[in-house]
Amino acid sequence: MSGFSSLDHQFMGRAIALARRGLFTTDPNPRVGCVLVKEGEIIGEGYHVRAGEGHAEVNALKQAGDQVRGATAYVTLEPCSHYGRTPPCAEALVEAGISRMVCAMVDPNPAVAGRGLERLRQAGIEVASGLMETEAQQLNPGFIRRMEKGLPYVRAKLAMSADGRTAMASGESQWITGSAARADVQRLRARSSAILTGIDSVLLDDSSLTLRENELGVENAAEIVKRQPLRVVLDTHLRLPLTAKILRQPGRTLVMTLSSDEARINALKEAGAEVQVREDGERLDLGAILEWLAQHEQCNELLVECGATLAGAFVGAGLVNELVVYMAPKLLGSSARPLLQLPLERMDQQIPLVLDEVRHLGQDLRLNWKLAGVEESDN
């Protein structure tokens, strides 16, 4: 973007790198980095670590101390202008006496967007925004979507063979992919607000859907696993066994159902589950569930880990933003189960994809596909 120098790009790049350090810990808050620069030198920097603790700007100001007056602040997201768990960062920057603010992107919340920058302008501070905006947006796809659309950013995670199969006809599926791919899934879970699955998957695999310290493969894994994503089980008729592993894990398990069987509900609650009885009609309304998770659980990024039927229902309803597909160099054969159950019959029903990234993970490939048209249909 014109109007910014090479040093501006350098320091904003540093702020974005700092923000990434909060990838697994800031939820439900956005990942934000801040760099304070004076006479071409960094005098303070910081990032938001977790909700309830200091924001990036405050942490950078603490590090800079008395040197701040006259400095330039590089921030990946517009400084907040309202009182929440912490005081507004825009006010802190004004009081510290910075002379210039360079912001990557404005607050995506339409109710507050631009107010922080306006407060800085009113104080006589030079303000510029839009530097490395795309990179900043990529830090927080879920927070942005929740603020703008009232929905989480939805990733569907799937593992398949080279011939597009996910399990044998019997349902046996462990393990299609190798350890490197499974560790990558752990990191997908760690950045997610919630993990959603269907009752059929739980009955088949008895999965835990947890973060595991020894599999994450990142620094501070012990600290990261303290925040277990919310586990959501879609269970229309309350078939979840009281002995299921998912009920004995740290963190919360929420069962969403259409059943009003009080005895069964109470038994599940005693076993450790939270139960929400919904009134969606004859089947659970996936779109309404996403809205509820965004509104009531502040769900930014939702990871859908389920079988072909439920995954196909999400994709068919246009509710998935990104498919994360792990492909193993194996063939499972024509009788094995398909990647998605999608009842498409004509070529004009095909669902176009955009290949966003390909990465080697050991012998496996990870393919990230964006679903063309999902964002457009939100508008």
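Is glutamate 39 buried or exposed? At 79% relative accessibility, glutamate 39 counts as exposed (over 50% relative accessible area; buried is under 20%, partly exposed in between, with a 1.4 Å probe and protein chains only). Keep in mind that this is a predicted model, where local features need pLDDT of at least 70, side-chain atom pairs count only at pLDDT 80 or more, and totals for chains, interfaces and linings use all residues. Residues are numbered from 1 along each chain as its sequence is written, and side-chain values use heavy atoms, with hydrogens and water left out.

- Most residues other than glycine have a negative phi, and most peptide bonds are trans.
- Glutamate 39 has a positive phi, near 55 degrees, and sits in the loop between β1 and β2 (41-47); helices (H or I, at least four residues) and strands (E, at least two) are DSSP runs, numbered from the N terminus.
- Leucine 209 also has a positive phi, about 55 degrees, in the loop between α8 and α9 (213-216).
- Leucine 209 counts as buried because its relative accessibility is 4%.
- Aspartate 27 and proline 28 are joined by a cis peptide bond, with omega about 5 degrees.
- Proline 28 lies in the loop between α1 (6-20) and β1 (33-38).

**Around isoleucine 351**
- Isoleucine 351 belongs to the loop between β14 and β15 (353-361).
- With 31% relative accessibility, isoleucine 351 counts as partly exposed.
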